Amino acid sequence: MSPVSSKKTTSDKQMPVSKKLKLGILFSGIILLAEFIGALVSNSLALLSDAGHVLTDVLALSLSYFALMQAKRPSNFKMTFGYHRIGVLVAILNSISLIGIAVFIFYESFQRFQNPPEINAGLVLPVALLGLATNLTVALILHHEQKENLNIKSAFWHAAGDALASVGVIISAVVIIISGNYLADIVVSIIIGLIISLGGVNIFRQGLRVILEASPKDINLNQLADSVKTIPGVKDFHHIHIWSISPEIHALSAHVLIDDCPVSQADDIRQHIETILKESFALSHVTLQMECRVCRTNDILCQLEIEQKPHLHKHH
């Protein structure tokens, strides 16, 4: 058990992530209905914007639940890495929906800025308070898991964004009640849109890095190579490729130059390298090609690496 998982509370252990997502779907569905009806009756864009975002919450949580179930499926001959990237695809879809709802909010805000409508702030306020309580509950339910899972993180940001939006709606309602200035509703709507779009762009970029098999941001390639080269018996460490199967699962393949030695000794070196990579760099899937002669591969990727990172290929 990892240090992170050992800190889970009893309630975390008693409630699986799948059940938390189901509760999130239920709570979000209730607030969606309340906010949509409240927005129509009160004519509040801020409340309607929040309701639109809650709709994407319901979709996001449902997709996250589906992805979670898929990720639990074992690997097979057709999907040798399993189904972990379904969660990444869902996170990207969720991020696009976040950006889409933000664009709608900006457009509608512009339309209403030209002709601000009258708003029943007295109705908006209690509905927004209910929305805040519900969205905070969903966000708190998902808070722990979102730190380790991009798919859950996208669902969490939907709920957290809604909680922030509810705060904004409450502020706008209070301002309208006190001052009668309906522009507060539009200003708050724009702020909500900005918050939502920033969260969406961030999740989209993280998901895209996984799909493009970019090196994980938290792994320093030079430091990793230097650490391996300090291991007794390792003469060079090159042709290094690092990517993410999912945001939580990192993989590496590389060539290791060693002296011509018995297979048992080479295997000891390999195990030592794998231990360092797992404990120091959280690389759970490692493939190493052991070599006793200077690598002469014509692989174009190796040639590109030689040009870009010559310090990693001293023996090429």
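This is a predicted model: local features need pLDDT of at least 70, side-chain atom pairs count only at pLDDT 80 or more; totals for chains, interfaces and linings use all residues.
I started at A282, which is partly exposed, with a relative accessible area of 47%.

Next I checked where A282 sits: in the loop that links helix 10 (263–281) to strand 3 (283–291). Then I looked up its backbone. A282 isn't a glycine, yet its phi is positive, at about 55°.

Which other residue did I look up for a positive phi without being a glycine? H239, with phi near 50°. I placed H239 in strand 1, which covers residues 234–246. Is H239 buried or exposed? H239 is buried, its relative accessible area being 8%. The call follows because buried means under 20%.

So much for single residues; on to the whole chain.

I went through the secondary structure and got eleven helices and three strands for the protein chain. Reading along the sequence, I noted the order α-α-α-α-α-α-α-α-α-β-β-α-β-α.

Then burial: 44% of the chain's 316 residues count as buried. For the accessible surface I wrote down about 16400 Å², with 63% of that belonging to carbon and sulfur atoms.

Last entry, contacts. I took those in the protein chain with a separation of 6 or more, and 73% of them are between residues 24 or more positions apart.

Methods:
Residues are numbered from 1 along each chain as its sequence is written. Side-chain values use heavy atoms; hydrogens and water are left out. Helices (H or I, at least four residues) and strands (E, at least two) are DSSP runs, numbered from the N terminus. Buried means under 20% relative accessible area, exposed over 50%, partly exposed in between (1.4 Å probe, protein chains only). Contact means heavy atoms within 4.5 Å. Accessible areas come from the Shrake-Rupley method with a 1.4 Å probe; for residues, only the protein chains shown count as cover.
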